[in-house]
Amino acid sequence: MEAIESILIPHFSASGYIVHTDVPKELTYTPNIIFEKGNNITAFYYRSSTEKLREAILQRIKETKRIARKILELNIVFDNKPKQSDLRLCNLYRLGVYYIENGELKQYSESKKLLGRKGKPQLPNTFIFFSSKQDLEERMLAKEHIEFERESHHIPVFAKLVEDDQRYNNTITDLTEMIYELMDDSHYVLCILSDEYRKIVDLEVRRAFEYFEPEEILMFVKNNKVTKESWGTLLAYMEMAGVPVKYTEYIDNSDFKRKFNRRLMIVIKELHSNHGIDFLG
């Protein structure tokens, strides 16, 4: 996004802003560039107008906490005029919107100003997309444990399964589009490879590699001959392409449950840490 920066920096420099090199800890999603002028801080996140704008990313940006004695603005800047659907989504989260048009910086809307006072920190709703064959018992075990953590310990973590979506039925024709939408609105992806190969699961896992950070992918592979042979092509691809996602092998359902519970606890601890909340579990 060098074209954005080459226009953005001169524009704000002319108004007396300087580039702020340190990322404040209150910013829960790292911006591409930050400008500062007096007690005003404005952060920019670069996005391509041709790519789908993930609502989960906007939610993370909006989770930014107030900075003491500062006025903070959060902005999305597109490399071209964005779609109306993207503009509406940014407005929903009260984010400022800029875009480049004919080599000039245009402003569509202003960011809500976050004044430097602090409210009580809260954990945001966090969604985990499930990628596995639907009749897999491990899938249900993972869903049950997530529900247990939410109901027993009030942790706002939710399982996002295709079959739980009200639009889903056995004759749906746009399943892939719906899967992509559910993934884009999730913060993590749980990938479970067990026994038989499924083309749609392969598609989901490869898309997760492309769109999610390695630490956002919880991948489990059953340690038996059938699974290793059925999913050999995908596992070989991960190795040859240097995919930086580490998967956890498990032996049976009991072993999966134990290892998944441990991995979910790491996610929950990170959520607490990232939002300045003491973890008491």
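Because the model is predicted, local features are reported only at pLDDT of at least 70 and side-chain atom pairs only at pLDDT 80 or more, whereas totals for chains, interfaces and linings use all residues. Residues are numbered from 1 along each chain as its sequence is written, and side-chain values use heavy atoms, with hydrogens and water left out.

The protein chain has nine helices and 12 strands, where helices (H or I, at least four residues) and strands (E, at least two) are DSSP runs numbered from the N terminus. Along its principal axes, the C-alpha trace of the chain spans about 65 × 45 × 35 Å. Of the 281 residues, 46% count as buried; here buried means under 20% relative accessible area, exposed means over 50%, and partly exposed covers the range in between, as computed with a 1.4 Å probe on protein chains only. With contact taken as heavy atoms within 4.5 Å, 66% of the contacts between residues at least 6 apart in sequence join residues at least 24 apart.

Helix H2, which comprises residues 55–62, is mostly covered, with six of its eight residues buried. The buried residues of H2 are Ala56, Ile57, Leu58, Gln59, Arg60 and Ile61, and these pack against strand S3 (40–47), strand S4 (71–78), helix H3 (84–92) and helix H5 (175–184).

Helix H5 also meets helix H6 (residues 199–211), the two axes coming within 11 Å and crossing at roughly 35 degrees; the axes are lines fitted to C-alpha atoms, for helices over the stretch in contact, and angles run from 0 to 180 degrees between N-to-C directions. The crossing of H5 and H6 is right-handed, a term that applies if the near helix is turned clockwise from the far one by less than a right angle, with left-handed denoting the anticlockwise case. On the H5 side the residues involved are Thr176, Ile179, Tyr180, Met183 and Asp184, and these meet Ile200, Leu203, Glu204, Arg207 and Ala208 of H6. By class, the contact of H5 with H6 has six nonpolar, one polar and three charged residues, where Ala, Val, Leu, Ile, Met, Phe, Trp, Tyr, Cys and Pro count as nonpolar, Asp, Glu, Lys and Arg as charged, and the others, Gly among them, as polar. As a general point, an α-helix has 3.6 residues a turn, so residues three or four places apart point the same way.

Within helix H4 (residues 137–153) lies Arg139, which is buried, with a relative accessible area of 2%. Leaving aside neighbours within four places in sequence, Arg139 is in contact with Phe130, Ser131, Ser132, Lys133, Gln134, Leu161, Val162, Glu163 and Ile192. Arg139 and Ile192 are 53 residues apart in sequence, and their C-alpha atoms are 7.7 Å apart in space. The side chain of Arg139 also makes a polar contact with the side chain of Ser132, at 3.0 Å; such a contact is a pair of N or O atoms within 3.5 Å, of which, within protein, one must be able to donate a hydrogen and the other to accept it, while residues adjacent in sequence count only if both atoms are side-chain atoms. His145 is likewise found in helix H4 and counts as buried at 13% relative accessibility. With neighbours within four places in sequence set aside, His145 is in contact with Phe260, Asn261 and Leu264.

Cys90 is buried, with a relative accessible area of 0%, and Cys191 counts as buried at 0% relative accessibility. With a disulfide defined as a pair of cysteine sulfur atoms within 2.5 Å, the count comes to zero disulfides.

Several loop residues complete the description. Arg69, placed in the loop between H2 and S4, has a phi near 60 degrees, a positive value in a residue other than glycine, and is exposed, with a relative accessible area of 71%. Arg94, in the loop between H3 and strand S5 (96–101), has a positive phi of about 60 degrees although it is not a glycine, and is partly exposed, with a relative accessible area of 48%. Glu110 lies in the loop between strand S6 (104–109) and strand S7 (114–115) and is exposed, with a relative accessible area of 58%. Beyond its neighbours within four places in sequence, Glu110 is in contact with Leu95 and Gly96, and Glu110 and Val97, 13 residues apart in sequence, are 6.6 Å apart in space, C-alpha to C-alpha.
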